[in-house]
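The stops below can be selected one after another.

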Amino acid sequence: MKIGIYPGCSLEGSARDYNQSVFELAKAFDIEPVQIPDWNCCGATAAHNLNKELSLALPARILALAEKHGLDEILVPCAACYSRLMVTQHELQKHPELKNRICEVLEMDYKGNSKIINVIEWIDKYIIPKLEEKVKKPFNYKVANYYGCLLVRPNKVLNYDRVEDPQTMDIVMNKIGATSIDFAYKTECCGAGLSISRTDIVSKLSGKIIEDAEHRGADAIIVACPMCHSNLDMRRADINKYWDKDFKIPVIFVTQAIGLAIGLTPEQVGFNRHFVDVKIS
């Protein structure tokens, strides 16, 4: 089967390991992700703080292109991109006059009919039904499932999972043999886009997440957002310096963990691109 995919900037840049594991997982389950042709940046965390019309036009163009190419369902692995596309679809459905204005700006038609799904929804819908027969090596580790801010917020728009104590990733991880621990920082902010401008804030916030996961005995932190992964993994040296500790817990994308469970190698799921050594295999 084919499904549309919007990789966003990060999956073709700093999160190529995530991109690799998504495509390897899709291949293993006979799914063909079709990239939206000529896609652009969604605006991520910057545009909606600067210009509302721009912040809607950027995601609307992506959705209009998907419609143009007949992609009725779009997988959006990045939690930030997923949030921006969902918010835009919601805003333009509620305000037809605004939708008409955005269509004028884009010089494109936009109906808003595409189904947008995040990576956990994709796994739940297309991977889980065939997962049991595919698991070759149960992922027998204790994991702290970190959803971050954007996978479940704003809840009134996304209407996805419980906003303060989400469960879907925990359920998915348990199905491959993991033990999902009770984790206090599931949806706390990691510092997101402040990674470069205020590394001290990222170090403080991300350090709290890592410390709690290690304190509770987790073997790994599981994520579904490239920004969260970047802050918790790539910024680990800054975090350790800020906290004067030597945190060693690895940070793994949910698609990488499932990939290992079905027999993919650490290289196939992109562990070689991580900054923190992953001794899980």
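Start by selecting Asp-244, in the loop that runs between helix H12 (236-243) and strand S8 (251-253). Bear in mind that this is a predicted model. The phi of Asp-244 is positive, about 55°, although the residue is not a glycine. Most residues other than glycine have a negative phi. Is Asp-244 buried or exposed? Asp-244 is exposed, with a relative accessible area of 71%; the cut-off for exposed is over 50%.

Next, select Asp-30. This residue is in the loop between helix H2 (16-28) and strand S2 (32-35). Asp-30 also has a positive phi of about 55° and is not a glycine. Its relative accessible area is 58%, and Asp-30 is exposed.

Now go to Arg-153 and Pro-154 and show the backbone. The peptide bond from Arg-153 to Pro-154 is cis, with omega near -5°. Most peptide bonds are trans. Pro-154 is found in the loop between strand S5 (142-146) and helix H8 (155-158).

From here, move on to the sheet that contains S5. Select strands S6, S5, S7 and S8, in that order: they form an open sheet of four strands with parallel pairing. Which strands are at the edges? They are S6 (179-180) and S8, each of which pairs on one side only. Strands of a sheet pair through backbone hydrogen bonds.

Zoom in on S7 (residues 220-223) and S8, which pair in the parallel sense over three bridges.

The last stop is the largest pocket, with a volume of about 310 Å³. Select Cys-9, Ser-10, Ala-44, Cys-78 and Met-227, which are the closest to its centre among the 15 residues of the lining. Then colour helix H1 (8-11), helix H5 (79-94) and helix H11 (226-234), the elements that give two or more residues to this lining. Which element gives the most to the lining of the largest pocket? H11 does, with four residues. Finally, colour the lining by residue type: eleven residues are nonpolar, four are polar and none is charged.

How values were computed:
Residues are numbered from 1 along each chain as its sequence is written. This is a predicted model: local features need pLDDT of at least 70, side-chain atom pairs count only at pLDDT 80 or more; totals for chains, interfaces and linings use all residues. Side-chain values use heavy atoms; hydrogens and water are left out. Buried means under 20% relative accessible area, exposed over 50%, partly exposed in between (1.4 Å probe, protein chains only). Two strands pair if DSSP finds at least two bridges between them. On a 1 Å grid over the protein atoms alone, a cavity is a set of points where a 1.4 Å probe fits but cannot get out, and a pocket is an open set with protein on both sides within 12 Å along at least five of seven lines; lining residues have an atom within 4 Å of a point. Grid points are joined across faces, edges and corners, and a volume is the space filled by probe spheres set on the points. Ala, Val, Leu, Ile, Met, Phe, Trp, Tyr, Cys and Pro count as nonpolar, Asp, Glu, Lys and Arg as charged, and the others, Gly among them, as polar.
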